[in-house]
Amino acid sequence: MYCDKIGYEVITVSFDALLDNIKNTYWIYVVIAVVLILIIVIWSRSSRRRKLQKRINDGQVRINNIKSHPFAVDIAKTDAIARVNSDIKETAAQCKQDYEQISANVKTMVSNLQDANELVIASKFRDCEAKLDENDELIKETDKLTLKLDGVLNSILNQATMQRQKINELKNRFHLIKSQINENPNEYTFCWESLDKITNNISHQFSDFEAIMDASKYDDAAGLSQTIAASIDELDDLVK
């Protein structure tokens, strides 16, 4: 009986110890699981914060690109041209309207990024994402409007440069032909009257061209430029 009692007590003690070990192990695993969950949550929120901050920075770069266009200067030049050339008056007015819309959009986008940055700091990630999505759509819309306005302004302002380059080439050619005539006057005595008439006519055409350019009538300037080229071809044929 005494031995049986001792055996029973040993079994009871061993079982209690086993239960204690199981409980201890269980709580260890619980603690480990909680720690892992906390690490994952912290890492996830930190990763989400970094991604949102990157979107904010990227948005700022895109806005700076839009702001870098010298629209204010180009609009002023276009307005000046429109005052003397009614043909582009409506186009200039539309350019000004597009520029005002771009400026308003830029102000809204900058404000949106400021709001998004405050939401990130406050860890309101869902609200921040919604604000950035809204801002991205506005940036895309403004990008398209910027490209359109840039193209229209360039087409207007480049006309003056292109016409000026073309007329300078014609002037150089005309001066070379006149130099050839002046260096060898005896060779052209038989057609001197015709040469004098054509050269005077071309000189007047160059003056007319300058007046048209001052009026910013580039279509008329292009037509006159072709007429001058034809007159110089006639003079060159006569000299040859």
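1. Is Y99 buried, partly exposed or exposed? With a relative accessible area of 25%, Y99 is partly exposed, because the buried class ends under 20%. Please bear in mind throughout that this is a predicted model. Y99 sits in helix α3. Leaving aside neighbours within four places in sequence, its contacts are F71, A72, I75 and L149. The C-alpha atom of Y99 is also 8.7 Å from that of L145, a residue 46 positions away along the chain.

2. On the overall fold: the protein chain has six helices and zero strands. Its pattern along the sequence reads α-α-α-α-α-α. Of the 240 residues in the protein chain, 28% count as buried. Taking the contacts in the protein chain with a separation of 6 or more, 79% are between residues 24 or more positions apart.

3. The pair α3 and α4 comes next. Helix α3 covers residues 89-121 and helix α4 covers residues 125-183; their axes come within 9 Å and cross at roughly 155°. That angle makes α3 roughly antiparallel to α4, because angles over 145 degrees are classed that way. The crossing of α3 past α4 is left-handed. By class, the residues of this contact of α3 with α4 are 18 nonpolar, nine polar and seven charged.

4. The loop between α3 and α4 contains S123. The backbone at S123 deserves a look: its phi is positive, about 60°, although S123 is not a glycine.

5. For α4 and α5, the axes come within 12 Å and cross at roughly 160°. α4 is therefore roughly antiparallel to α5. The crossing of α4 past α5 is left-handed. On the α4 side the contact involves A160, Q163, R164, I167, L170, K171, F174, K178 and I181, and on the α5 side W192, L195, T199, I202, S203, F206, F209, E210 and M213. Sorted by class, the contact of α4 with α5 has eleven nonpolar, three polar and four charged residues.

6. α5 passes α6 in a left-handed crossing. The contact of α5 with α6 has 15 nonpolar, seven polar and three charged residues.

7. Two residues of α6 can be checked individually, starting with S231. Helix α6 spans residues 218-239 and includes S231. Which residues does S231 contact, leaving aside neighbours within four places in sequence? They are I198, N201, I202 and Q205. S231 is a buried residue, because its relative accessible area is 9% and the cut-off for buried is under 20%.

8. V239 counts as buried, at 7% relative accessibility. Not counting residues up to four places away in sequence, V239 touches I177, Q180, I181, Y188 and L195. One of these contacts, I181, is 58 residues from V239 along the chain. The C-alpha atoms of V239 and I181 are separated by 7.5 Å. I181 is also among the α4 residues that meet α5, and L195 is among the α5 residues in that contact.

9. Last, the cysteines. How many disulfides does the count give? The count comes to zero disulfides. C95 is buried, with a relative accessible area of 2%. C128 is buried as well, with a relative accessible area of 0%.

Note on methods: Residues numbered from 1 in each chain as written. Predicted model: local features only at pLDDT ≥ 70, side-chain atom pairs only at ≥ 80, totals over all residues. Heavy atoms only, no water. Helix = DSSP H or I, 4+ residues; strand = E, 2+ residues; numbered from the N terminus. Buried < 20%, exposed > 50% of the residue type's maximum accessible area, 1.4 Å probe, protein only. Contact = heavy atoms within 4.5 Å. Left-handed = near helix turned anticlockwise from the far one by under 90°. Nonpolar A, V, L, I, M, F, W, Y, C, P; charged D, E, K, R; others polar. Disulfide = S-S within 2.5 Å. Axes fitted to C-alpha atoms, helices over the stretch in contact; angles between N-to-C directions. Parallel < 35°, antiparallel > 145°, perpendicular 65-115°, else oblique.
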